Protein chains: 2
Amino acid sequence: MDTPQRAEADAAFLADFATMSSFGATPDGGVDRQAATGPDIAQRRWFAGLLESRGLRVVYDRIGNQFGLVERVPGAPYVVVGSHMDSQPTAGRYDGAYGVLAGAHAVFRIAEEWRREGAEPRFNLAVVNWFNEEGSRFVPSMMGSAVYTGKMPLETALAVRDRDGVSVAEALAPTGFLGEGGGPEAAFCAEIHIEQGRLLEKAGTPIGLVTASWAARKYEITVHGDQAHSGATVMEDRRDALYGAALLVAYARELADRFPGALHTAVGRLDVYPNSPVVVASRARLLLDLRSADEEVLAAADGLLNERFAEIEQTANVSIERTLSHAWGIDPYQPEGVELARRTAARLGLPADEIMTVAGHDSTNMKGIVPTVMLFVPSVQGVSHNEREYTADEDLLAGLSVLTGVVRDLAEGALADPDH
Amino acid sequence: MDTPQRAEADAAFLADFATMSSFGATPDGGVDRQAATGPDIAQRRWFAGLLESRGLRVVYDRIGNQFGLVERVPGAPYVVVGSHMDSQPTAGRYDGAYGVLAGAHAVFRIAEEWRREGAEPRFNLAVVNWFNEEGSRFVPSMMGSAVYTGKMPLETALAVRDRDGVSVAEALAPTGFLGEGGGPEAAFCAEIHIEQGRLLEKAGTPIGLVTASWAARKYEITVHGDQAHSGATVMEDRRDALYGAALLVAYARELADRFPGALHTAVGRLDVYPNSPVVVASRARLLLDLRSADEEVLAAADGLLNERFAEIEQTANVSIERTLSHAWGIDPYQPEGVELARRTAARLGLPADEIMTVAGHDSTNMKGIVPTVMLFVPSVQGVSHNEREYTADEDLLAGLSVLTGVVRDLAEGALADPDH
């Protein structure tokens, strides 16, 4: 692209991003677009229109992943590029949404160049908006890409219910987003996302080359106590599930303090039953995560946590039922993808640093089946899952240009042909 | 009553109690009849029918308290006897329900005697089923008696909303239970209830003469943090409202341990926002209660708690907003009522011990406006607010006979005339 063309394309991207941010907009500048809720559905309809207006063919797979296809090489597999447009409650505008729109505009730019040049690439292009990456309404997160990559059975995903008892299948059925089949075949994948941390900002670097994801262990925990009158029952007779849960929440933080900087721990969700003002809780359910860039630290922390379970059972006179719902080690992205992204950034004159991702992304699933490139752009003050989430336009556009270069190279066979 | 009559009346009481326990029955032998839900409404309709079949006139006041009237002395005020039929979720069959039905059968017996004897008592009789004593659906508890006694403005009560946003006014409107006016005028009040503790059982005493209610301080607390990604955000940047709340829950228990046997503390309700698997909570709301039979212990514990708030704000990097929603000291029942109940039990040959109530009851509100007698019967193992709540039939019937004697004496002027 020459300079005026480029300025026009960048302005179009920013204008589309502003439109996107109006779906589910909250009064404090964020968005609330939980999976298959009204704003998510409305935004998907708008996005389908945008893709079609640029000549892409829109299709849906059997778990509601939304694809926009450019099939320039009949029958060839696809470079799949995108992220997710669903959000947490009272979330920021950038998480996921930026990656989907950057993927779309990268494809628009490449397809336009190919048309102009009459190019004959090796692979086709597919923009993707993965279904339910956030997992706030339907647990677990990264559901659409998990089904696409075969990590989660379709039936399991469709049967997951939200707190009102509505299943994924029931929520998607009336939207028209439930297609058939497994979606376009991927040859490669690329995703760009905000960092959700402070490293790039601290280093003053606009582009992060993601080399691996942190190791993690995630527990689903139920603390069992016994209902009792919370005023009248003598203290030593109480079997208070909420007290047991509180000791676990507090211990998760203590654990992180024991491994400063090397361990992230969290309890984001806690549900209490019967949760009445004058009843000792009989049940508390919570999700407890441990994450680390160091597998030895993770193992040590996990050992301490498991010792603590028994102590808490005794202290609070409760029983604790736990399931290790997810566990993974340090999981690298393909090094040849990291190198491809490094070369692209250098060609564009953009500084780039290697970085690991603490959060899971759809690309974390995709790298298990095809070579996958993951890029980050800076998050101001590391704020994310928050209405104040912010990334400067300049960084959004720099990321878009690197992503465009990476996707073009992938589609033209940069990693398909060892001699390239 | 002679022996066969008494056996028949006792059998009728137990039969009616079995019928009552079928409304909102749970699979594990308990009940779920939260205020103005389907089972509560159905049970009230059944109860109105029972009262009318025994010749009582059923009326409702402006907050949905249900009364059954025996007006033998035109224009005279009433001895109001009863309790509440609403329950906690997955609760026991005895809490409240026993007191309403015992009140009804006491009135049936006395009215029948009066008819037979052509008696001319001093006061009329009113059975009462107070609205929303439990406060699980609509906070606070003891709502119906609080409005009746003027402790809570009617408009405040009618505007309270449940978690689905339904107000008390909206919930009651279609039931036909919203009457006009303040209900029958009370001259005296009596209530019988299960103890919800172990003291009577340990002492082997069937009747508790309640002398006073424990002192209490109840806080409504909101912990304010900031939403963040619960994986990616570095630990020292987190302002985790759930962590702050967990420290409070744990500290409430530690406080009770510092005053063994003398202090009851509880957090029964905790709501987390946004309560999503991968989001650091920005807000946690909880209700924290302190109760003691010793006002000095309560003041000391309250002082310690207030010091701890500041420490937790620092440790968890949160801010804590608290409202002292209820505070009362040791609050005696009228001693002449306790003496009246003691004489009645002695006359019936039933052992009786003085006891304090830790839990609040509708009679706690009523004793603020008229002389009030409160009786307890034993709770097996002190279990309450639990489907395993149990009181033996023999104890239910002993309680009913003492209550009948107390109500008859009150109605015949035992405490109205100093020379009686």
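## Domains, helix packing and symmetry

Domain 1 of chain A and domain 2 of chain A bury about 870 Å² between them, with 57% of that area on carbon and sulfur atoms. The model is predicted. Three residues, Arg163(A), Trp214(A) and Val358(A), supply 63% of the area that domain 1 of chain A buries against domain 2 of chain A. The domain assignment for chain A runs as follows.

| Domain of chain A | Residues |
|---|---|
| Domain 1 | 3-214 + 331-411 |
| Domain 2 | 215-328 |

Next, a helix pair. Helix α1 (residues 3-20) of chain A packs against helix α3 (residues 97-117) of chain A at an angle of about 145°. Their axes are 10 Å apart. The crossing of α1(A) and α3(A) is right-handed. On α1(A), the contact residues include Ala9(A), Phe13(A), Phe17(A) and Met20(A). On α3(A), they include Tyr98(A), Leu101(A), His105(A) and Arg109(A). The residues of this contact comprise nine nonpolar, two polar and five charged.

Now the two chains. Chain A superposes on chain B by a rotation of 180° with 0.0 Å of shift along the axis, at an RMSD of 0.0 Å. That is the relation of a two-fold axis. Ala246(A) comes closest to the rotation axis among the residues of chain A, with its C-alpha at 2.2 Å. Of the interface residues of chain A, 98% are also interface residues in chain B, so the copies meet through the same surface.

Key
Residues are numbered from 1 along each chain as its sequence is written. Chains are lettered from A and ligands numbered from 1 in the order in which they are written. This is a predicted model: local features need pLDDT of at least 70, side-chain atom pairs count only at pLDDT 80 or more; totals for chains, interfaces and linings use all residues. Side-chain values use heavy atoms; hydrogens and water are left out. Axes are lines fitted to C-alpha atoms, for helices over the stretch in contact, and angles run from 0 to 180 degrees between N-to-C directions. Helices (H or I, at least four residues) and strands (E, at least two) are DSSP runs, numbered from the N terminus. A crossing is left-handed if the near helix is turned anticlockwise from the far one by less than a right angle, and right-handed if clockwise. Contact means heavy atoms within 4.5 Å. Ala, Val, Leu, Ile, Met, Phe, Trp, Tyr, Cys and Pro count as nonpolar, Asp, Glu, Lys and Arg as charged, and the others, Gly among them, as polar. Copies are superposed by least squares on the C-alpha atoms of residues with pLDDT of at least 70 in both. Domain bounds come from an automatic or database domain assignment. Buried area is the accessible area (1.4 Å probe) that two parts lose on being put together, summed over both.
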